[in-house]
Amino acid sequence: MNDFKSKIENLREDFNKYKIDIKNLPKHPVSMFSNWIKQALENNDQANAFVLSTVSNKNIPSSRVVLLRGFDENGFTFFTNYQSKKSIDIEKNNTVALNFHWPESQRQVRIIGKAEKISAANSDKYFNSRPRESQIGAWVSEQSTVVSLYFKFVNAMDEIESKFKGKKVERPKHWGGYKIMPSSIEFWQGRPFRLHQRIKYSLHKNNWKIERLSP
Ligand SMILES: Cc1cc2nc3c(=O)[nH]c(=O)nc-3n(C[C@H](O)[C@H](O)[C@H](O)COP(=O)(O)O)c2cc1C
């Protein structure tokens, strides 16, 4: 009966798919992130999913998966409901942690940074590109609030659908993007015998300092 439990205890994977070229590290961590997420896509990892951790005003941490929708040298963008639990946390403390785990690539990327709302114009641009059903869904869901066990989301969808019948669905003001401006990015590459490679970039006075961490 407890076979699966002993399986969990004994699951072991040796990592040897990639090796970080320590002598040729990019100067900017986002160049390295860009190479890694490209390879994650090629390896059929769920490349744009990451765990976002926030801390509440009572110092209680919480984590959830969200989807990366864009990134550049200034940060990483995702979209959500601005009234959700995560957004309430961010309002009080905008320092957040991101964790990308790409098992097919035997890689992890850990990011710490500050989350800021993106402009309404940029949120509109992304919202307008979403399928109509997702746009309506953004109106229906008061994300993270408690609803009745038997709440009929389909009826609520129909109601919103009839409100916007024949019209473009406007972005609800409580839905939009955050951009996380990184201050630290750690790249973890799985290696044989648990001698994994860890390279950490930290921002000091606008310069990225590069350090190696013991596995
Ligand atoms: C694969 C996956 C992708 C998700 N993407 C998003 C996303 O991009 N934005 C979002 O708000 N929630 C997303 N969610 C749902 C969140 O994990 C979470 O349930 C929701 O945002 C409410 O979190 P909160 O109550 O902590 O605010 C995703 C969940 C999964 C499993």
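## Nonpolar cores

The largest nonpolar core of this predicted model has 25 residues. Leu98, Val109 and Ile180 have the most contacts inside this core. A nonpolar core is a set of buried Ala, Val, Leu, Ile, Met, Phe, Trp, Tyr and Cys residues joined through C-beta atoms within 7 Å. A residue is buried if 20 or more other C-beta atoms lie within 10 Å of its own, exposed if 12 or fewer, and partly exposed in between, with C-beta atoms placed from the backbone. At least two residues of the core come from each of α2 (29-42), β1, β4, β5, β6 (107-117) and β7 (175-189). β7 supplies the largest share, 5 residues. Helices (H or I, at least four residues) and strands (E, at least two) are DSSP runs, numbered from the N terminus.

Val109 touches Phe33, Trp36, Phe100, Ile185, Glu186 and Phe187, leaving aside residues up to four places away in sequence. Contact here means C-beta atoms, placed from the backbone, within 7 Å. Another core, of 7 residues, lies apart from the largest one. Tyr82, Phe127, Ile136 and Ala138 are among its members.

## Basis and overall build

The model is predicted: local features need pLDDT of at least 70, side-chain atom pairs count only at pLDDT 80 or more, and totals for chains, interfaces and linings use all residues. Residues are numbered from 1 along each chain as its sequence is written.

The protein has 6 helices and 9 strands. Along the principal axes, its C-alpha atoms fill a box of roughly 60 × 55 × 40 Å. Of the 215 residues, 23% are buried. Among contacts with a separation of 6 or more, 63% join residues 24 or more positions apart.

## Helix α3

Lys86, Asp89 and Ile90 are the buried residues of α3. They sit on the same side of α3, because they cover an arc of only 100 degrees around the axis. The arc is that of the directions from the helix axis to the C-beta atoms. These buried residues pack against β1, β2, β4, β5, β6 and β7.

β1 pairs with β2 in the antiparallel sense, over 7 bridges. Strands pair if DSSP finds at least two bridges between them. Ser53 stands opposite Ser63 in β2. The two strands form a hairpin with 5 residues between them, and Asn59 in the turn has a positive phi of about 65 degrees. β1 also runs antiparallel to strand β5 (residues 95-102), joined by 3 bridges. Leu52 has Leu98 as its bridge partner in β5.

## Hairpin β8-β9

Strand β8 (residues 197-204) pairs with β9 in the antiparallel sense over 7 bridges. Leu203 has Trp208 of β9 as its bridge partner. The hairpin has 2 residues between its strands, and Lys205 in the turn has a positive phi of about 45 degrees. Strand β9 (residues 207-213) is hardly covered: of its 7 residues, the buried count is 0.

## Ligand shell

Which residues come nearest to the ligand? Of the 14 around it, they are Arg64, Thr80, Ser84, Lys85 and Ser144. A residue is near if its C-beta atom, placed from the backbone, lies within 6 Å. β2 (61-67), β4 (75-81) and α3 (85-92) each give two or more residues to this shell. β2 gives the most, 5 residues.

Methods:
Two residues are in contact if their C-beta atoms, placed from the backbone, lie within 7 Å.
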